Amino acid sequence: MTIGHSMKNKPVLNTVFDAAFRFIELALNDNEYLQPQKLHRLLYLAQAYYGANYHGNMLMPAIFVAEEFGPVEPNLYAVMEESRPDVRLKSVDPKTIHFLESIWAQFGHHTVEHLSVTVRNHPPFTKAYKEGIGTIIPFDELVEFYASVRKTATTPEAKEVVRPRVMRSHKGKPVATTDWLPRKIK
């Protein structure tokens, strides 16, 4: 996959704020203040795992750059540095909300230090960081790495990140479901 190919995809969310504010709400629901650096790590992981799980499609129109403490979405950082901006958010479909909740369930309980150390050791970040602070971490490299990663103590496989949704069968019994994703033909 080339960067030109992956950028043709229409992101599921309209802005990075749609995901950021959802994570802030999820943290508040858990009585947690979401530190800005932790928010950036969650957004980075969400973008990466979304692409890994959904054939290279983008979750949000966001880029991440390699900074000293980890990946940062520079536009969000600039706007939210002082306070939460007044942004009109679009509605988010239930599948995408479920995906963001899955990311929160998988990574939200970790400290910012743990998340930062983890992603700073992953090749997409280390490669960009070696080129210099502020270097863009290519989306296609995120997708390639997180789609191929094998489970470790700190990094789950892509398919383990999205929790099954519970729906009801025709008889009203709860059934765990996952999205059917046909293989992508090369």
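Contact here means heavy atoms within 4.5 Å. The structure is a predicted model, in which local features need pLDDT of at least 70, side-chain atom pairs count only at pLDDT 80 or more, and totals for chains, interfaces and linings use all residues. Residues are numbered from 1 along each chain as its sequence is written, and side-chain values use heavy atoms, with hydrogens and water left out.

**Exercise 1.** Determine where H40 is placed and which residues it touches.

*Solution.* 
Step 1. H40 belongs to helix 3; helices (H or I, at least four residues) and strands (E, at least two) are DSSP runs, numbered from the N terminus.
Step 2. H40 has a relative accessible area of 3% and is therefore buried (under 20% relative accessible area; exposed is over 50%, partly exposed in between, with a 1.4 Å probe and protein chains only).
Step 3. Not counting residues up to four places away in sequence, H40 touches F64, P71, V72, E73, L76 and Y77.

**Exercise 2.** Describe the surroundings of P11 and its relation to M60.

*Solution.* 
Step 1. P11 is found in the loop between helix 1 (3-8) and helix 2.
Step 2. Its relative accessibility is 18%, so P11 counts as buried.
Step 3. P11 and M60 are 49 residues apart along the chain, yet their C-alpha atoms are separated by 4.9 Å.
Step 4. Leaving aside neighbours within four places in sequence, the contacts of M60 include P11, L13 and L43.
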